[in-house]
Amino acid sequence: MSEQNCLVTNDWICGEYLRSRSQELTDATLQHVGITVASVLIGLAVALPLAVLARRHKRFAGPVLGLTTILYTVPSLAMFSLLLPLFGLSSALVITGLVLYSLTILVRNILAGLEAVPEEAREAARGMGYGPWRLLWEVELPLSLPALMAGVRIATVSTVALTTVGSIVGRGGLGNLIEDALPTFFKAQVLAASVLCVLLALLADLLLLGLQRLLTPWTRVPKARREPLRDRIRKSSAAVEAG
């Protein structure tokens, strides 16, 4: 009986709210996850060629970085208003806005990773007959994965938070619940939706950290056991010449 009364007394922690609104919370969480995943994946697909372009053609680096930075400074309300004529009140509107916001983080991290690839590795790959695209996919991108994944983690956590802003067009996932609860200050709903947002961000970061460790096993090898990069490159080159 006391748990039911927590809705009447508008308590912050209310088990009855979680039981009676479980489906509503689930639907909002799934929408939140879907928008976040779509935004980050599309953002990565756009950021990768932009970073490669900026890396290979230095004259484009300034405009690319400048444009993505300008997009990040646009207020969300203004961004959605500018995109509204193109997408209407839809999830595509929110996803497009979030993709544009993610570019400044993703492009900068991918570019930093590509620039950190040792020149010796590139020269050795070219000596073994690697063309530009094979060099990118088999040498540069694998070696830049730590920086790339760090950017994806930051962009994902940021997108989880920014997705709530989509509530202004009714596509904000858990943000919809927060916005609906604010006029009457429905404490249990505000707290539940906010906590779920935090948990989603933490879970996403942990999953991506695990994926990063899986994709970059060499970063876990103690330094004392690592063979110097220069020696590995020399051995690879010598093996090719001997062959």
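Predicted model: local features only at pLDDT ≥ 70, side-chain atom pairs only at ≥ 80, totals over all residues.
Buried means under 20% relative accessible area, exposed over 50%, and partly exposed in between.

**Whole chain**

The secondary structure comes to 12 helices and zero strands. Of the 243 residues, 38% count as buried.

Next, colour the spans 33–53, 60–80, 86–107, 150–170 and 190–211, which an unreviewed UniProt entry annotates as "transmembrane region". For residues 60–80 the end-to-end C-alpha distance is 27 Å, with 90% helix and 0% strand.

**Salt bridges in helix 8**

Nine salt bridges are found in the whole structure. Select glutamate 138 and arginine 134, one of the pairs, with their closest N and O atoms 3.3 Å apart. The two residues are four apart in helix 8 (residues 132–143), so about one helical turn separates them. Glutamate 138 has 45% relative accessibility and therefore counts as partly exposed. Arginine 134 is partly exposed too, at 39%.

Move to helix 7 (residues 119–127) and show glutamate 119 and arginine 122, which lie three residues apart, about one turn of the helix. Their side chains meet in a salt bridge of 3.4 Å, N to O. Glutamate 119 is partly exposed at 36% relative accessibility, whereas arginine 122 is buried at 2%.

Arginine 126 is partly exposed, with a relative accessibility of 41%. Now extend the selection to Glu119, Arg122, Glu123, Arg126 and Glu140: these residues are linked in a network of salt bridges.

**A charge over a ring**

Select arginine 56 and tryptophan 133. The charged end of arginine 56 sits over the ring of tryptophan 133, 5.3 Å from the ring centre.

**Aromatic pairs**

Where centres within 6.5 Å make a pair, the count comes to two aromatic pairs. Tryptophan 12 and phenylalanine 185 form an edge-to-face pair, 5.5 Å centre to centre with 85 degrees between the planes. Tryptophan 12 is in the loop between helix 1 (2–8) and helix 2 (15–20), and phenylalanine 185 is in the loop between helix 10 (174–181) and helix 11 (187–215), so the pair ties together parts 173 residues apart in sequence. Tryptophan 12 is partly exposed, at 40% relative accessible area, and phenylalanine 185 is partly exposed at 39%.

For the other pair, select tyrosine 72 and tyrosine 101. Their ring centres are 6.2 Å apart and their planes stand at 90 degrees, so this pair is edge-to-face. Tyrosine 72 belongs to helix 4 (residues 58–73) and tyrosine 101 to helix 6 (residues 91–115), so the pair ties together parts 29 residues apart in sequence. Tyrosine 72 is partly exposed at 39% relative accessibility, but tyrosine 101 is buried at 6%.

Return to phenylalanine 185 and check the backbone. Most residues other than glycine have a negative phi. Phenylalanine 185 is not a glycine, yet has a positive phi of about 50 degrees.

Finally, switch to a surface view and select Trp12, Ile13, Leu182, Phe185, Leu191, Val195, Val198, Leu199 and Leu202. They form a nonpolar patch with about 860 Å² of accessible area together. Isoleucine 13 lies in the loop between helix 1 and helix 2 and is exposed, at 73% relative accessibility.

Methods: Residues numbered from 1 in each chain as written. Heavy atoms only, no water. Phe/Tyr/Trp six-rings, centres within 6.5 Å; stacked < 30°, edge-to-face > 60°. Buried < 20%, exposed > 50% of the residue type's maximum accessible area, 1.4 Å probe, protein only. Lys NZ or Arg CZ within 6 Å of the ring centre and 35° of its normal. Patch = residues over 30% accessible without salt bridge, like charges linked within 9 Å, V, L, I, M, F, W, Y side chains within 5 Å. Areas by Shrake-Rupley, 256 points an atom, 1.4 Å probe, with all protein chains shown as cover. Salt bridge = Lys/Arg side-chain N within 4 Å of Asp/Glu carboxyl O. UniProt positions renumbered as here; feature names shortened; annotations may be inferred.
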